[in-house]
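Dear colleague,

I am handing over the structure below, and after it I have written down what was found in it. Please keep it open beside this email while you read.

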Amino acid sequence: MTTRDVPKEAGWVSGLTDVAGLRVGHAGRVGDGWLSGTTVVLAPEGGAVAAVDVRGGGPGTRETDALDPRNLVQRVEAVVLTGGSAYGLDAAGGVMAWLEEQGRGVRVGPDPAHVVPVVPAACVFDLGRGGDFGARPDAAMGRAAVVDAAARESGHAVDLGAVGAGIGAVVGQVKGGIGTASTVLGSGVTVAALVAANAAGSAVEPRTGVLYGQLFGGGAATPAPPPEVHAAATRRLAEAAAGNTAPPLNTTLAVVATDAALTKAQAQKLAGTSHDGMARAVRPVHLLNDGDTVFALSTGTRSLDEADPLALNEVLAAGADMVTEAIVRALLAAESVETPGGTYPAYRDLYQQ
């Protein structure tokens, strides 16, 4: 039985929140020079096992060293994806403050209120895309995003496209955004991904106009757009690029999650192999002006087959597949944007999806 053969239960949303207990919240601003935001993945109370793999040459991150399997922290309560480049990492402070108020974090003293929430975060580069280089997420926006997540019901549908950390996202010259996808394995384990697709490389195969992720995602064959449509799209992208003033610095971020019980080392392996899904959907990838980062989360409600030393393999393969699918969904959900900082056409507008 393959990942595609398993029937989905009622309430399945095909997104990160299909991993029971995870919730996703967004906050952001558009207009008056703004085109940026923050997305928070909130773990179940008590946290989730977490790991990270950073492969881009220009990353902006916070608290990623705590996720090393050799280090003390085993679980985190939230992960932050944010716009604003390194400035936007301030959003994690707002999430940390909210978690402290809830008494959630690493216990460091005799009083239950004595906690230090560990909040890993990574940023995309979207500075100036709305026209104002100084318009970037802060602690208040991070707090708004985690409050949004906390207010959601378990298993809620995840908002896609130009929301949260995807508001100012661009892939090549095509508008990017937030995407998500999930699957259930033959073992019953759920694997899901959420991405903020924002890359220096392109997601569009240059000869045909088909998304790379559709070509290599393992799904049904995707017909190429008519040649005249592809030619018109290519011209429109070139015209938009000529008028854009924001620097072409980027980064794609992902959170890959599963309900399989993983150690930190296994979660780190999942984060690493999930980068393969990014490489199928964006070319080139992991450049010096990208900060490509994948976080992995395990809620641990399902055990892997301990008798099978290779039981983790299907989780690893599914993680990469879900990252590819999530990037495709991000691009298909995005809407064209025109701001003082630049014009970024959406794939569906270019190719009449």
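**Helix α5 and its neighbours**

The buried residues of α5 pack against β3 (48–54), α3 (212–216), β14 (253–260), β15 (293–302) and α6 (313–333), where contact means heavy atoms within 4.5 Å. Helices (H or I, at least four residues) and strands (E, at least two) are DSSP runs, numbered from the N terminus. The model is predicted, so that local features need pLDDT of at least 70 and side-chain atom pairs count only at pLDDT 80 or more, while totals for chains, interfaces and linings use all residues. Residues are numbered from 1 along each chain as its sequence is written, and side-chain values use heavy atoms, with hydrogens and water left out.

Helix α5 itself covers residues 264–281, and its 18 residues reach 27 Å from the first C-alpha to the last, close to the 26 Å expected at 1.5 Å a residue, the expected span being 1.5 Å times one less than the number of residues. Among its buried residues are K264, L270, H275 and M278; buried means under 20% relative accessible area, exposed over 50%, and partly exposed in between, with a 1.4 Å probe and protein chains only.

**Helix α2**

In α2 (residues 139–150), the buried residues are M141, G142, A145, V146 and A149. They lie on the same side of α2, because they cover an arc of only 135° around the axis, taken from the directions from the helix axis to the C-beta atoms. These buried residues pack against β1, β2 (34–42) and α1 (91–101). At the N-terminal end, D138 caps α2 with a side-chain oxygen 3.2 Å from the backbone nitrogen of A140.

**Single residues**

D18, in the segment before β1 (23–31), is buried yet has no salt bridge, and the nearest side chain of opposite charge, R329, is 7.2 Å away. A salt bridge is a side-chain nitrogen of Lys or Arg within 4 Å of a carboxyl oxygen of Asp or Glu, and for charge Lys and Arg count as positive and Asp and Glu as negative, with His and the chain ends not counted. The side chain of D18 does reach the backbone nitrogen of S14, at 2.6 Å.

S298, in strand β15, is buried with a relative accessible area of 1%, and the residues it touches include A48, T258 and L262, not counting residues up to four places away in sequence. D65, by contrast, is exposed, with a relative accessible area of 62%, and lies in the loop between β4 (61–62) and β5 (75–76).

Notes: Polar contact = N/O pair within 3.5 Å; in protein donor to acceptor, adjacent residues only side chain to side chain.
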